[in-house]
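The model is shown first.

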Amino acid sequence: MADYAYLIPLFPLAGAILIFFFGRWLPWKGSLLGVAAVFASMVMSISLFHQYLNGTLKVPFELSWSWFAAGIYPFEVGVLLDGPSLILLLVVTVVSFLVQFYSLGYMRDSPRFKRFFSYLSFFTFSMLGLVVANNYLQFFVCWEVVGLCSYLLIGFEFERDAAAGAGNKAFLTTKLGDLGFYAGLLLIFAVMGTFNFGQITTHLQDGSVSPRLAMIIGLLIFCGTIGKSAQFPLHVWLPDAMEGPTPVSALIHAATMVAAGVYLLARAYPFFMLAPEGLEIVAWVGGITAVFAATIALTSDDIKKILAYSTISQLGYMVMALGVSGYGAGLFHLTTHAAFKALLFLAAGSVIHAVHTNDIWKMGSLSKQMVTTTITFFIGAAALAGVPGLAGFYSKEMILGAAYGTQHHALFALGCLGAFMTALYMMRACSLVFLGEPRDRERFTHAHESPWTMTIPLMILAALSVVAGKLLLHNGLINRLMEMPGISETRESGIAAVIATSSALLGIILGYGIYLARWIEPKTLAAVFRPAYVLFRNKWFIDEIYWALFVRPIMRLADKIASFDYDVLDQIGVDGFGAATEWFSKLDGWIDDTFVDGFVDGTGRFVSRMGAMARTIQTGLVQNYLLIITAGFVFLAIFWNIF
Amino acid sequence: MTLYHILALSGVVFSIGIFGVLTRRNILGILMSIELMFNAANINLVAFNHYLHPGNVWGQGFSLFVITLAAAEAVVGLSLVLAIYRNIKSVFTENMNLLHG
């Protein structure tokens, strides 16, 4: 079974190609093919995981084929099955399958239905290729293809300028991070001459790489994580990416692709094992992102933007977890987050599908109209907020426990603050969307529950959001999966758990107080904390700062260069050259006409004139000729006699 | 009377022939002048044979051929003259300039 693991990414690839080229002739435009392909991958992933659980699959299990050779260096493609990749395979295939299933209903009316499914399958292929990669090169290639799919799907409704711009922004911003990743790869190859994960780990362990170099490489690779996982300061693209269709937001920009950055960080962990100082930077980037994004989510009006900032915040948690040596905790949170954030996005999509707006102030009391969506959204929100017993609770506890256990008290405080705000903004969203009074009567009355293709994935994800945490903790499964030599298992810390849980509960109570019980009007609150409110509301002015610092100077430079191009190069250079050429060719033409043609004509005229002269000799009178012959003979005779 | 005297005679006759050919306007006169040139050549043949190889008559025989051929030539020439005359109604050479440049 494991010998055929390479089929897991290949199924969706085949699906993508078939849909793209032959979809229009297939029933349902080939979308069922995509669903079937990812279903096959899912079944394989589940059975592989099952084999791992009952011990028939020994990890790490590696398959490798030669891709090409450059000089003496062979490059390979391969499949590496170990704890992280097995769990990620589950996450990606399950979420991907559910999202594709959901899209059957959600995208029903899209004019580019076929293309959407082709892109989704292609994304699934590249994501799975990335997950099973056994070397950095394959990882990087798939990583970039994933970015391409993200770009294509964000700008899927490219008729809208906002969507097209968001696609560009996402692509360019993540590329900035990828630049660091790429530099890291070059360094790896220059130092070790291989991209294989296992061989790199061996090189690192036998001490042939200095800790300083390891830290540089690790941080360069971390740049890729910052870009792809939308960490501060490259987080700006992820909220804009919500311009894509909601299933895309759920699959790519919440559950899987953005988690790829965390996965990359996990793969690069051996570098950080040599250089723990690097991990401090990682941890702080994650911690700052977690709180920073949560503050923006507090004041956002757009349901998808709230979830997007929440995603950034949770990704910050994962990065922070890895930064404080919570290797297992980070990937654990990645897994549970994938379940409940996909659920939240799909439920939000269901809501948007019903009321045709993203603005939570135009919703309200929707629980009366769409029961399934409401219940599942609440489960997801509770799991995200960290309500005890649900998936998010366990993973977040583990992260905060790791921060507390490794004496990172400041980060622990940041994490608790983030947990508090997470609970608050989720409570805010739940209250404003599903509870209270309907604020927009017309939208409210037209709202209705979504079709079964959309609600079934919601229910499955809701179930997963409830049980995933417990299942993965069962018998210490997560710690067994995420074994990393040199890291002690994360200990449960009673005090940390109590503080974290109570901060989450505090957030929920406060949210209830503000948005349902109306102890205090939200507007009054905004007025009281006006500076903070303005700051959060405007996303800390990061976009404006980037605009002023980078975009506008670059645009201005581009304008300058363009005007140089038009005024100098075009007008003086190209046009001037043209004018000179025209003048020169006129001159040349005159020379041609006058001298060359004159010479040719002159030759002709000369010959003709000479001919006219010569013809007079030919009188036609035979006697004349004979006279000349005779005269010549006489002349020769005399001449001959003289000599 | 030596060979030189006879050669001088034939030279004079040949020159008269040439002169006739070059100066006659009438094509019949030209034909006659050509006959003079033939006969000058015949005189040469006979004279060289008589003085240099007196034992045989090759020169005389050869001159007989020349006389015969001259007669044939005169026939062709005269018939050409007739044909020309029919075309241009003239036997004067200045009128026969169809090939002038």
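A:Gln407 is exposed, with a relative accessible area of 57%; exposed means over 50%, buried under 20% and partly exposed in between (1.4 Å probe, protein chains only). The residue sits in the loop between H17 and H18 of chain A, where helices (H or I, at least four residues) and strands (E, at least two) are DSSP runs, numbered from the N terminus. The model is predicted: local features need pLDDT of at least 70, side-chain atom pairs count only at pLDDT 80 or more, and totals for chains, interfaces and linings use all residues. Residues are numbered from 1 along each chain as its sequence is written, chains are lettered from A and ligands numbered from 1 in the order in which they are written, and side-chain values use heavy atoms, without hydrogens and water.

The loop between helix H17 (391-405) and helix H18 (409-434) of chain A also holds A:His408. A:His408 is buried, at 14% relative accessible area. Apart from neighbours within four places in sequence, A:His408 is in contact with A:Glu280, A:Val324 and A:Ala403; contact means heavy atoms within 4.5 Å.

Most residues other than glycine have a negative phi, and most peptide bonds are trans. The table lists two exceptions in phi.

| Residue | Phi |
|---|---|
| A:Gln407 | about 65° |
| A:Ser325 | near 70° |

A:Ser325 belongs to the loop between helix H14 (303-323) and helix H15 (327-355) of chain A. With 30% relative accessibility, A:Ser325 is partly exposed. A cis peptide bond, with omega near 5°, leads from A:Phe232 to A:Pro233. A:Pro233 is placed in the loop between helix H8 (211-228) and helix H9 (237-240) of chain A.

In chain A, strand S1 (residues 61-70) and strand S2 (residues 73-81) pair in the antiparallel sense over nine bridges; pairing requires at least two DSSP bridges between two strands. A:Phe61 stands opposite A:Leu81 in S2(A). The two strands form a hairpin with two residues between them, and A:Gly71 in the turn has a positive phi of about 65°.

At the interface, 13 residues of chain B are in contact with ten residues of chain A. The buried area is about 850 Å², with 58% from carbon and sulfur atoms; buried area is the accessible area (1.4 Å probe) that two parts lose on being put together, summed over both. Helix H1 (residues 3-23) of chain B gives the largest share of the side of chain B that touches chain A, four residues.
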